[in-house]
Amino acid sequence: MVITAKDVGTLRQRTGAGMMDCKKALEEASGDLDKAVELLRVKGMAKADKRAGREASEGRIVAIIGADAKSAALIEVNSETDFVARNEDFGSFAKQVAEHVHADASLDALVSDAAGHAMLTQPFSGDAKQTLGEVVKAASARTGENVVLRRVARFTTDGVIGSYVHFNGNVAVLVDVRGGAGSAAQELARTVAEHIAAGVPTPPVGVTRDEVPADLIAKERAVAEAKARESGKPDNIVQKMVEGQVNKFFAEVTLLDQPWVRDPAVTISQLIETKSKEEGSALSVRRFARFQMGD
C-alpha cells in the first residue's frame, strides 16, 4: 500500500507525532488512519491533544542575543511540572524554540499570547518538515504533559539590545536602546534590563507615560478620587489630591520615572542622561520585554 504525504500530514495533525513515526504507524496499520492513531497512542506518541486543557504553569524562559547585539529573542515555554521543566531534554527543546524565533526575521515585536499566532504554522528552523506548532505538540507527547509556547519577543535595532536573566531563570528581560552602540549604550541596555527584572518598586508597564494603558490610568484615577472624597475636602482640593496620586502612580509604573534599583536617588531617565554623555550621543530606551514565569 502506498502511504501518501497527505495521509502522513493528516495523522500528524491528529496526533502531534513526528513525521516518520506517523509514516511507520500508517504502514503498520495498512493505511487505516484510525488504527494508526491507536498505534501511536499505545506507543505514547499521540497524547498531546488530550493534555491541552491541563494547566501549564512551570517551564523555561530563554533569551538569545545576536553576536552584534542588534537582534534578540525571548521565549517562555510552559510545562505542568517543575520536574519536566528542569529536564535536560526540555531545556534543549526550549533553546531550539528560542533559536527559531531569533531566526525569524519577519517578527519584530512582543507577542504576549502566542496561542493561535501565525508563527505556529511556519516551518521550524531546525526541521523544515515540521511547523513550530508541531514541534511544541511533539514536546507534549514526549513529556506526557501539556507543553505550551506562551509568549515570545523578538527585537531588532540600529542601536543595541541588552538582556538580563535572573539566576533562577524565572525572570528575563530584553531592552532596546537607540542612539548608539558603544560601550556606554551597551552598559545602559544591560543595566536597565537588570532594573526591569528586579521589578522595584513594581515592574514597569511602559517606557513613557504615554505608553501606560488608558484603562489602568482610569482605574487608578477612580480609586484616588473615591479616597479623596472621603476626606470631605472641597472639589478643587480633591482634584489636586487625585492628580497627586495619579502622578505617584505614573512614577511607579513608567520606566523613565522609576528610581533606579541600584541608586533610588537617580531615576532611569537621569541614568539615561548620564550614559548619553558617556556615549557622546543621545540615547533612549525604545522598548522592553519582561517575562516572569507564570505571570
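**Entry 1: helices α6 and α7**

I began with helix α6 (residues 88-103) and helix α7 (residues 132-143), whose axes cross at roughly 175° and come within 11 Å. I kept in mind that this is a predicted model. Angles over 145 degrees count as roughly antiparallel, and α6 and α7 are therefore roughly antiparallel to each other.

Next I looked up which residues of α6 and α7 make the contact. On the α6 side I found D89, F90, F93, V97 and H100. α7 brings L132, V135, V136, A139, R142 and T143. Sorting the residues of this contact gave me 7 nonpolar, 2 polar and 2 charged.

**Entry 2: the sheet under α6**

Which strands does α6 lie across? I found β1, β2 and β6, and α6 runs at about 140° to β2.

I then traced the sheet itself. Its 4 strands follow the order β1-β2-β6-β3, and the sheet is open with antiparallel pairing. β1 (58-65) and β3 are the edge strands, each pairing on one side only. On average, neighbouring strands here are turned by 10° against each other, direction ignored.

I went through two of the pairings residue by residue. Strand β2 (residues 71-79) and strand β6 (residues 148-156) run antiparallel and are joined by 8 bridges. Within that pairing, I noted N78 opposite V148 in β6. Strand β3 (residues 109-111) is also antiparallel to β6, with 3 bridges between them. Here L110 has A153 of β6 as its bridge partner, and V111 stands opposite V152 in β6.

A reminder to myself: in a regular strand the side chains alternate between the two faces of the sheet.

**Entry 3: the other sheet**

How many strands form the open sheet with the order β7-β8-β11? I counted 3, and their pairing is antiparallel. The edges are β7 (160-165) and β11 (284-292), and each of these pairs on one side only. Neighbouring strands of this sheet are turned by 15° against each other on average, again with direction ignored.

I also checked strand β8 (residues 171-178), which is joined to β11 by 8 bridges, the two running antiparallel. One pair I wrote down is V173 with its bridge partner R290 in β11.

**Entry 4: helices α8 and α11**

Two packed helices are described by the angle between their axes and the distance between the axes. For helix α8 (residues 183-198) and helix α11 (residues 268-279), I noted an angle of about 160° and axes 8 Å apart. That makes α8 roughly antiparallel to α11. Their crossing is right-handed.

From α8, the contact takes in S183, A184, A185, E187, L188, T191, V192 and H195. From α11, I listed I268, L271, I272, K275, E278 and E279. These contact residues divide into 7 nonpolar, 3 polar and 4 charged.

**Entry 5: T254**

My last stop was a single residue. T254 sits in the loop between α10 (235-253) and β9 (259-260). Is T254 buried or exposed? Its relative accessible area is 1%, and buried means under 20%, so T254 is buried.

I then looked up what T254 touches, leaving aside its neighbours within four places in sequence. My list for T254 reads G206, V207, T208, R209 and V212.

Note on methods. Residues are numbered from 1 along each chain as its sequence is written. This is a predicted model: local features need pLDDT of at least 70, side-chain atom pairs count only at pLDDT 80 or more; totals for chains, interfaces and linings use all residues. Side-chain values use heavy atoms; hydrogens and water are left out. Two strands pair if DSSP finds at least two bridges between them. Axes are lines fitted to C-alpha atoms, for helices over the stretch in contact, and angles run from 0 to 180 degrees between N-to-C directions. Angles under 35 degrees count as roughly parallel, over 145 as roughly antiparallel, 65 to 115 as roughly perpendicular and the rest as oblique. A crossing is left-handed if the near helix is turned anticlockwise from the far one by less than a right angle, and right-handed if clockwise. Contact means heavy atoms within 4.5 Å. Ala, Val, Leu, Ile, Met, Phe, Trp, Tyr, Cys and Pro count as nonpolar, Asp, Glu, Lys and Arg as charged, and the others, Gly among them, as polar. Buried means under 20% relative accessible area, exposed over 50%, partly exposed in between (1.4 Å probe, protein chains only).
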